[in-house]
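Subject: Structure handover

Hi,

Here is the structure I promised to pass on. Please open it alongside this email.

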Amino acid sequence: MSNKNLIIAGVVIFVAVVAFPFWFNMGKAAPAPEPELTARAKAANHGQCVMPTDFMKSDHMKLLDLWRHSVVRNGERTFVNSSGQEFNMSLSNTCLDCHSNKKEFCDRCHDYASVRPYCWDCHIENPKETE
Amino acid sequence: MEDSRRRFLKLAGVSALGLTTRPVLNAFASEGGGEDAHGVEVKKGDKALIAKQWAMVIDTREFESAEDLEPIIEACDKIHNIPKFENKNHEIKWIWEEHFHNAFPGLAQRFTDERIEQLPFLVLCNHCENPPCCRACPTKATFKRESDGIVMMDFHRCIGCRFCMAACPYGSRSFNFRDPRPFIEVTNKEFPTRTKGVVEKCNFCAERLAVGKMPACVEASNGAIAFGDLYDPHSEVRELLRTNYTIRRKQSLGTEPSVYYIV
Amino acid sequence: MLELAIKGSKKYYGWLAALLVVIGIGFLVYLKQLDFGLGITGMSRDVTWGFYIANFTFLVGVAAGGVMVVLPYYLHDYKAFGRITILGEFLAIAALVMCILFVLVDLGQPMRVFNTLIYPSPNSVLFFDIIVLQGYLFINLIVGWNVLEAERNGTHYQAWVKPFIYLSIPWAVSIHTVTAYLYAGLPGRHFWLTAIMAPRFLSSAFAAGPALLILLCLFVRRVSKFDPGREQIQALAKIVAYAICINVFFFLCEVFTAFYSNIPDHKVHIQYLFFGLHGHSSLVPFMWTSYGLMLVSIILLVNPVTRKNEGVLAVACVTTFVGTWIDKGLGMISGGFVPNPLHHVHEYAPSIPEIIITLGVYGIGALILTLLYKMAVGVKEEVGA
């Protein structure tokens, strides 16, 4: 190869650029997110959300999808969880009733994972907040 | 060399097709959403009002002027976070008033009853039984709900193509040309606002019907507007339709509107 | 073959650079539209489709016009058109890409566009429009590329291409029929609720598409060593002549039905367009200009003396293209929305940002057309066609 030096130099630069996030952040891992529950959330329902906490951590969006499909498309607004408890299916009025601290709760994990849900464009963040 | 490279590419293509078919079909299948939650159910609330087809009868004889209609329109605007725009291009209205010859263009005539000529009429989405807007929607973001006949908007799904607005023969639909939040005077926290880029219209107060309340406009009308099940022969609306002459907007189009007017 | 598209003269690179600037500016303004919403356009609650959809509708016609070269060659063995089928197919590709882009820039929530595929709605004509437009783009890409490559290699294209070629003929008719059906099935819009909508769309498509193709052929002859051919251009000119006559005839049919029946709902939209309504008359000069231009086109194209003079023919093609653009673009859309179903008159005019974004999309179309044509002409020059 007549261009051996150029090619090797190019490959080295390429690997360095592609691996930038890894070597630049070595040893500087951001701390795991810690969402805070409000006092109301801790007290409500013996400290459990509408579904078990593990389910909510991994699948809350799936639950919200089910809720919005049922409410909007089927006209059904009552959710009965596996323990037989009934809830009104509303993001603003049920979820945010307990979790009224979006910045210390929802945003903690969302910001860490760089997730920007557009729910808040329409759904009011804190219905109970007095202005 | 040529031949085996071609064979490799063919094999790779078929494999890619095979590997991606199942996830794609899964995506198509997940209409319901949230199948992973076990042991749960969804149902209507105890106080929810039920009907096969919600309908409205507006007794225009109870109104004398635009002032009578204002509280009715205000009631809807307030609880649904309707924004007020200066620029008429962007205006959003779910229920508003029109003169007879605008609301009923096919019925207007040169020599009319004086009262009818100057009386403003309430116009809103007619929640047609045969809605052209639902036929037009490419994503079923607007659809006729099977449970109660309300023509609903699914704001999550709407792509903002505005085909439904072109299809509506009554001009009942509005589009969010910009973010409405800065233009909402007083926010009702219990109801979402909408975002830019989606279409909206009257929803027959589905959220109030679900908890046993009448639509806001009906409540604010002091009895001038009746609301009930068109297919329940004993409902108030059927009683009124049996005993009064009523008209509907653009009846000849076959849309079967569910809003009747006693003139 | 793509290497043929990226090698050229200084003027060629200058043209590409100019297009990239136009596209870049259009893109930046589009970002503003994404941020602010469609409120930066001139559209309103009453006129909910405007410049974007108008240009989309017109360009679907231009794309369908390519079939006017394919049909005589493949179905009726008119060998002469064999020289220029590739130009028609590549024009269709550029036009179709612009169509798709115009729909995308018009959407209020473009990131949700895949909802149309995830939730297929066969009740909606828009759903079928998406399918037929993507399909026609796909067909033209496959057929155009393979036929051109075969020509470059001095062989016949492979047998499997033939079914696609035959499919493209009815498919071309379908893309414009389905687009017309978007309008022709809406019960509230009496200007569009007419059976002649689809035929009118097709006639103006077969006038505008081949007219643009003639202009492109004349241009190709001037800037390259490939001559599309005098006979080919004359055959296209005859097609445009018939199509523009039929287009104006169809319009006169509409006028007769509306005004002889004297039904206000039928008359009022044509009255708005040509005479104004309640003092609103912004489209009147445009409409008369459009039909004036189309009349000039008819005179110049039907008369063999003027048609055979390629300089005059070029003028006639421009008047045809502009005339049909105003008629289908501005006239048809606004005419349908004004007056609105409640008989209010609310006029529409595109805003400056809307025009800039439109120019950006046309820039992308021109870029694709330039690259594809450079490639096609490069091959033709190589094989000494």
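This is a predicted model: local features need pLDDT of at least 70, side-chain atom pairs count only at pLDDT 80 or more; totals for chains, interfaces and linings use all residues.

Chain C, fold. Chain C has 14 helices and zero strands. Along the sequence, its pattern is therefore α-α-α-α-α-α-α-α-α-α-α-α-α-α, and its radius of gyration is 21 Å, close to the 21 Å that the globule rule gives for 385 residues, so chain C is as compact as a globular protein of that length. The C-alpha trace of chain C spans about 65 × 50 × 40 Å along its principal axes.

Chain C, packing. How much of chain C is buried? Buried residues account for 58% of its 385 residues. Now take the contacts in chain C between residues at least 6 apart in sequence. Of these, 77% join residues at least 24 apart.

Chain C, surface and charge. Chain C exposes about 15,400 Å². Carbon and sulfur atoms supply 73% of that area. On the charge side, chain C carries 23 positive and 19 negative side chains. The centres of these two sets lie 6 Å apart.

Chain A, confidence. The mean pLDDT of chain A is 85. In chain A, 95% of residues reach 70 or more. Where in chain A is confidence lowest, and where is it highest? The lowest is in helix α3 of chain A (residues 39–43), at a mean of 81. The highest is in helix α1 of chain A (residues 4–18), at 93.

Best wishes

How values were computed:
Residues are numbered from 1 along each chain as its sequence is written. Chains are lettered from A and ligands numbered from 1 in the order in which they are written. Side-chain values use heavy atoms; hydrogens and water are left out. Helices (H or I, at least four residues) and strands (E, at least two) are DSSP runs, numbered from the N terminus. The radius of gyration is taken over C-alpha atoms; the globule rule is 2.2 Å times the number of residues to the power 0.38. Buried means under 20% relative accessible area, exposed over 50%, partly exposed in between (1.4 Å probe, protein chains only). Contact means heavy atoms within 4.5 Å. Accessible areas come from the Shrake-Rupley method with a 1.4 Å probe; for residues, only the protein chains shown count as cover. Lys and Arg count as positive and Asp and Glu as negative; His and the chain ends are not counted. The place of a charge is taken as NZ of Lys, CZ of Arg, CG of Asp or CD of Glu. pLDDT is the predictor's confidence in each residue, from 0 to 100.
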